[in-house]
Amino acid sequence: MILQRGQQSPIVQFLGDDAGAGGPFALLGLKHEIDSDDQIYLACTRRLAQVDRNRHRSTPDADEVRLAIHTAASQLLDQAMREELQHRWPPGTPASLPKAWKSEGKGNRLSAGIVQSAKMIVAASGGWNSTARKRLVYFAQVKRIHAFDLIASLRPQQLKNQSSHLRSKTAQPETTSCNVPLVESPPSGSLVWMGMYMILFVLGASVGITIFFTSQQISSNSANQDNVEPSFVDSSNSNNEFIEHGVEKDRTEFEHYTAIAHELDQLVVQLQSDYQSSVDRFRTLYPLFVQSWTAFPTPALDRSGFHIVEFVRRGLLAKPDDTSLTDILVSNLQSSPNESPDQLMIQSAIISVLHSDAEIGFDHLSILAAEHVSRVGFKPAPSKTISQAIIPVVGLIGVAARTDDSVWWTSWIQGLDSAVSEDKNQRDRFVLSVLTSRVQDQTPAGEDWEISARLLVNKLAWREGSSERFWLFRQFADQRASTNRLAPITEAIAVHSSAPQVSAQMVLNSTATTKQREQVASLYREAWESGPAQSGNRVLSNKLANDMHVQVSLTPTWSDQDRMIKNIILLAQLNAAAWTTQQKNSEFSVDDFAIPVLITDSFTPNQQLMLGSNARDDQWAFDAINAQDIQSLSRLFAQLVEDGGPGVNSAYALVYLATLNSNSEMRSAAASQIIRYRDHPSVLIALDHAIAGKRVTSRLGQLVSSVIPYPLPDRTSEHYFIHTHAYLIELLVASLARDVDSPLPALELELIASYVIRLDISAKSDTNEMNAVDIVKAVYLQQMMRLNPFISEHSINQRVQVVMNRVAVLLARSVNPLQNFLAYQRGICELLVIEIGAKHPTDTRQLQDSLEELAVRLSQSKNVLDQIAQAERCMSQLWIIQLEAEAP
Amino acid sequence: MKKSRLSKCARHFRFIAAVSLGLSCTTYAHFLEFNVSKKHDVEVVRLTQLDPNSPSGYFTYGETLLAYAENAEEKALAKQVLAVGIGLAADNNLPELAASMCIVLADGEDSSVDAINLWDLALMLDPMRSSAWKKHRNQIIDQDLQVRQIASRCIHAARFYMPEQASELLKVSGVTEAIQTASEQSAVDPALVLNTLRMLIQQASTDICHGRVFVTRRGEGVVNREVCPDHARPIGTSISQESFNNLIRVESVLLAKSQDHQRSVNWGDVTYLQLDAPAQDPSVSMILKQYGIDISMPYWKNGQWDSSR
């Protein structure tokens with residue numbers, strides 16, 4: 001193109017004949033009289049626009065013209081230069097070439113240094129672009145050389161020649177081009193060329209020999225290795241063509257996870273066309289994946305896991321009777337080294353995902369499940385993705401581990417980091433669970449545990465308010481935690497971790513006594529509980545949340561009755577405080593609940609019921625039943641006061657007198673004694689005997705009604721006996737229970753006090769006659785009312801319905817008031833989860849975790865008191881989540 | 001002549017009728033035997049065809065088998081099929097199907113405690129069963145209540161020197177089981193309670209006073225009443241303080257009233273009654289344990305459950 005247009009300069013081509021003569025003034029279309037620089041800028045813009053409108057605007061010639069325009073503008077902007085140019089190209093002078101186009105003149109000569117600098121400018125500008133061009137123009141101006149020569153010197157030789165030729169044609173240059181060659185051509189025919197050809201020949205020959213010998217060696221290795229690592233040529237994909245020899249060493253491309261991921265992608269497709277070779281390839285790839293899965297980012301892991309599962313699934317569906325795929329999974333599981341739990345994790349996760357596939361045959365799954373149980377120790381739980389499946393596996397493997405081996409724990413931590421890299425809370429929970437499990441191991445700890453403890457401790461931040469701090473408090477309080485194992489943990493925290501506010505004195509001795517352990521615990525508590533000063537409501541909720549954290553940590557799954565009752569009361573009070581704080585009720589503060597006061601009645605057992613034959617009792621009964629007048633009876637009644645109540649036979653005598661004696665005065669006197677001792681077991685037994693007769697007289701009916709405080713059926717009714725008997729048994733139980741020392745009535749009072757606070761003011765007025773179950777029921781109903789704003793959502797409405805049904809079942813199954821109380825407690829917990837979840841959807845996972853933990857703890861509890869404590873603890877956990885979510 | 005011919009015809013006719021009847025009976029017996037054998041074969045084939053990947057098959061077959069079960073063995077097998085189905089449905093996240101199987105199983109369950117557990121689990125699995133749960137559970141409890149009241153009367157009769165009545169009541173169907181269940185609930189050894197009852201009945205059997213507290217003594221023109229000297233213990237008590245407490249605890253559980261009434265019970269009584277056992281939620285694992293089912297063995301093979309086909 002350039003040669004065809006060679007007769008004209010690019011300036012003339014783009015800007016017309018006038019622009020080609022008259023120097024920069026003509027180039028820009030300006031007269032010599034220039035009033036301001038703006039005229040120059042305007043002219044420059046106009047000329048550039050003219051170039052842009054040309055159909056050759058994208059050619060290098062256009063660029064050169066643009067460069068010339070810029071150069072001209074910059075020359076004219078310089079006042080001194082403009083004056084000189086005015087002299088050189090006076091108005092009306094015949095056309096001559098602008099100076100910038102001349103190959104030589106008064107400017108400096110192009111030197112190798114200048115060209116090198118120009119190259120650097122182009123390089124620094126990111127290549128040949130407008131910035132580079134502008135910079136070169138300025139550079140040329142500074143060096144006082146011709147910009148076009150400078151640019152021409154940078155171009156390849158051919159273009160340079162063409163350009164020179166063009167210029168020689170256009171401008172009739174006086175001399176040859178002064179271009180500086182980038183590489184000097186060697187003189188042709190010289191010995192240097194021969195030498196270079198010789199060197200190239202020698203190099204080529206050596207490469208050829210190397211390739212020949214290497215291929216020979218590979219063939220012999222392949223033959224030797226036979227079928228153990230078979231030669232495999234992936235015929236379906238030319239990109240994957242290679243010969244497999246020595247899985248780890250020869251396949252250097254597998255050093256990066258993407259290579260494995262890519263091949264796994266391909267395998268699923270290949271399975272359709274070539275089953276056997278795909279399975280063989282899978283046999284090689286699967287162990288590699290298992291060994292290096294920790295290098296996979298989560299999305300890649302899920303994708304590769306999906307491909308493995310899909311491959312196995314398709315394979316099993318294609319050939320249901322072929323067990324080779326199952327064998328690969330099983331054999332790999334069996335051969336995983338003991339010190340590499342991370343490998344077990346991924347294999348377990350893959351088996352778990354396979355179990356979620358309903359199409360895979362039960363036979364295959366049962367084989368995998370059996371092997372899984374024998375190797376990992378638990379059944380695979382069906383999951384949809386690898387990242388979902390691996391999370392519980394990591395936790396279970398860690399908690400089930402009975403080793404202190406630091407290599408094992410390093411591998412576990414590696415697996416943990418890869419599996420739960422995105423959820424720090426989950427990671428912390430697992431590490432704490434593992435630490436709990438190891439600390440409760442009663443076998444003596446060695447040096448290995450010290451190293452492992454450091455590894456695990458350093459996975460946690462130990463920041464203010466973090467769960468690990470409360471975990472440590474709990475371990476100090478928990479007698480199941482071995483001092484021998486707790487000591488290295490304290491050392492790791494105090495000496496080897498970045499935990500704040502700790503010192504070297506806070507290290508527990510491995511042979512410390514309980515008292516010394518408590519002292520170290522108090523050191524930690526003092527150090528960690530003194531946080532920075534805060535104000536107002538924040539202080540209140542922070543202190544409360546901290547107290548709740550501590551109490552939640554300190555509440556065991558089961559314990560002795562007294563300790564559990566204390567825990568229940570403390571938790572109930574903290575929950576009441578949380579409720580009032582959440583209601584912004586200034587009437588109560590945390591301190592009101594800080595000191596639990598257990599109301600303990602001084603226990604004074606009743607006189608024991610004399611069940612055996614008693615001569616004094618028999619004599620009293622004889623005297624009373626044969627008494628002839630009221631005076632003698634009165635004397636006998638006085639004796640009853642001395643004896644602390646009637647014996648069994650005396651009570652029979654009283655009932656006889658009250659119902660069958662002919663003297664009305666004596667009957668009423670005996671009846672009054674029966675009413676007086678109506679809580680006495682003997683009287684209740686005697687009445688129970690009386691109502692079992694064939695006929696219940698009106699006198700007897702009245703007597704019984706005066707003793708039993710409940711409405712009874714008609715005495716002639718067929719149901720009279722069984723109902724009356726049931727009430728008498730209930731009164732008898734209450735009477736006998738008074739002889740048993742029980743802290744439960746006091747606990748009931750404490751719970752009433754704590755739960756009444758949680759009721760709205762309108763509901764509080766009717767609580768005087770209510771027992772603990774009535775009040776917890778009121779709180780439960782109130783909690784349900786609080787969900788009214790969210791009930792319009794179908795999912796929440798459904799969940800509330802589920803809770804109501806669950807509570808109904810629990811109530812129906814309960815056999816005593818404590819279980820009734822527990823049923824409502826659990827209902828409150830579930831309703832709280834719904835309410836907090838609706839307000840703070842981001843905390844849903846934590847809320848569900850709390851409920852799941854409650855279910856586990858309830859199943860491990862040894863009695864209903866333990867269960868009440870767990871439900872109250874769960875409530876505290878939920879309040880903590882709410883308080884922390886609503887904290888400013 | 002005519003008469004003799006007639007009698008001869010009649011004899012022939014009787015003979016033919018007898019032979020025909022015999023043949024018919026034999027044929028029918030063979031037919032029945034064939035049907036039973038065929039039915040057995042069909043059952044075995046259908047059992048072996050059950051697929052764990054399709055728990056609904058266990059439901060359909062278990063329900064049919066339970067409906068047509070002719071003996072305890074078949075009934076037990078039908079229950080096992082349904083129990084396996086419950087486990088598989090729960091594992092495959094099919095709560096509605098599991099609930100349906102629980103209900104079918106509850107209907108075929110003789111034990112009221114087990115039936116109640118199954119209904120409770122059904123509601124836990126499928127909240128839509130609320131009204132049915134309420135209705136059927138109350139029915140079971142009402143039926144159960146009668147047995148429990150009889151059991152309570154039995155203990156009462158034994159304590160109050162009424163041996164004949166106590167013995168009769170103890171023989172009533174379900175009474176012994178009710179006493180055992182109530183004993184377990186109140187953390188008392190059921191065998192201990194039943195032994196005490198038997199001892200009380202035996203002790204009272206020799207009582208000449210027939211449970212009367214007082215007897216009349218006549219002498220020198222004066223008639224006096226006195227406590228019967230023949231009684232080894234006061235009427236209404238037991239052979240020891242401990243056994244008395246145990247009997248009262250069991251009676252209290254047997255006569256337990258409604259939920260509203262339970263709420264009014266003093267918490268201190270719980271300690272005396274030893275009713276502090278943890279509350280247990282109905283669960284699939286509980287049902288599987290009850291029917292002796294291992295969910296990893298869902299195939300019927302060679303007359304037993306197996307892990308592979």
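## Two chains and their make-up

Chain A has 40 helices and zero strands, while chain B comes to 13 helices and four strands. Here helices (H or I, at least four residues) and strands (E, at least two) are DSSP runs, numbered from the N terminus. This is a predicted model, in which local features need pLDDT of at least 70 and side-chain atom pairs count only at pLDDT 80 or more, whereas totals for chains, interfaces and linings use all residues. Residues are numbered from 1 along each chain as its sequence is written, and chains are lettered from A and ligands numbered from 1 in the order in which they are written.

How much of each chain is buried? A residue counts as buried if 20 or more other C-beta atoms lie within 10 Å of its own, as exposed if 12 or fewer do, and as partly exposed in between, with C-beta atoms placed from the backbone. Of the 888 residues in chain A, 39% are buried, and of the 309 residues in chain B, 39% are buried. Next come contacts, meaning pairs of residues whose C-beta atoms, placed from the backbone, lie within 7 Å. Taking contacts between residues at least 6 apart in sequence, 69% of those in chain A join residues at least 24 apart; for chain B the figure is 56%.

## Where the chains meet

The contact between the chains takes 64 residues from chain A and 57 residues from chain B. On the side of chain A that touches chain B, helix α33 (residues 720-737) gives the most, with ten residues. That side of chain A divides into 36 nonpolar, 18 polar and ten charged residues. In this count Ala, Val, Leu, Ile, Met, Phe, Trp, Tyr, Cys and Pro are nonpolar, Asp, Glu, Lys and Arg are charged, and the others, Gly among them, are polar.

## A helix covered by both chains

Let's look at helix α27 (residues 615-625) of chain A. Its buried residues are D617(A), D618(A), W620(A), A621(A), A624(A) and I625(A). Seen down the axis of α27(A), these buried residues fall within an arc of 160°, so they line one face of the helix; the arc is that of the directions from the helix axis to the C-beta atoms. What covers them includes α28 (630-643) and α29 of chain A, together with β1 (214-219) and β2 (222-227) of chain B.

From α29 (residues 648-660) of chain A, take A653(A). A653(A) is buried, with 29 other C-beta atoms within 10 Å. Leaving out residues up to four places away in sequence, A653(A) touches A621(A), A624(A) and I625(A). The C-alpha atoms of A653(A) and I625(A) are separated by 5.6 Å, although the two residues are 28 residues apart along the chain.

From chain B, β1(B) and β2(B) pair in the antiparallel sense over six bridges; strands pair if DSSP finds at least two bridges between them. One bridge partner in β2(B) is V223(B), which goes with R218(B). The hairpin of these strands has two residues between them, and in it E220(B) takes a positive phi near 50°.

## A one-sided helix in chain A

Helix α7 (residues 130-143) of chain A has 14 residues and reaches 20 Å from its first C-alpha to its last, close to the 20 Å expected at 1.5 Å a residue. That expected span is 1.5 Å times one less than the number of residues. Which residues of α7(A) are buried? They are A132(A), R133(A), L136(A), V137(A) and A140(A). Down the axis of α7(A), they fall within an arc of 140°, so they line one face of the helix. Their cover includes α4 (60-77), α6 (112-124) and α8 (147-154) of chain A.

## Some positive phi angles

Most residues other than glycine have a negative phi. Just after α7(A), R144(A) takes a positive phi of about 55°. Q501(A) has a positive phi near 60° and sits in the loop between α23 (483-496) and α24 (514-529) of chain A. Is Q501(A) buried or partly exposed? Q501(A) is partly exposed, with 15 other C-beta atoms within 10 Å.

In chain B, N93(B) has a positive phi near 55° and is found in the loop between α3 (72-91) and α4 (95-107). N93(B) is exposed, with 10 other C-beta atoms within 10 Å.

## Confidence

The predictor's confidence in each residue is its pLDDT, from 0 to 100. Chain B has a mean pLDDT of 85, and 90% of its residues reach 70 or more. Within chain B, confidence is lowest in helix α11 (residues 259-263), at a mean of 56, and highest in α4(B), at 94. Where pLDDT is low, the predicted coordinates should not be read in detail. For the complex, the predictor gives an ipTM of 0.81 and a pTM of 0.59.

Note on methods
Two residues are in contact if their C-beta atoms, placed from the backbone, lie within 7 Å.
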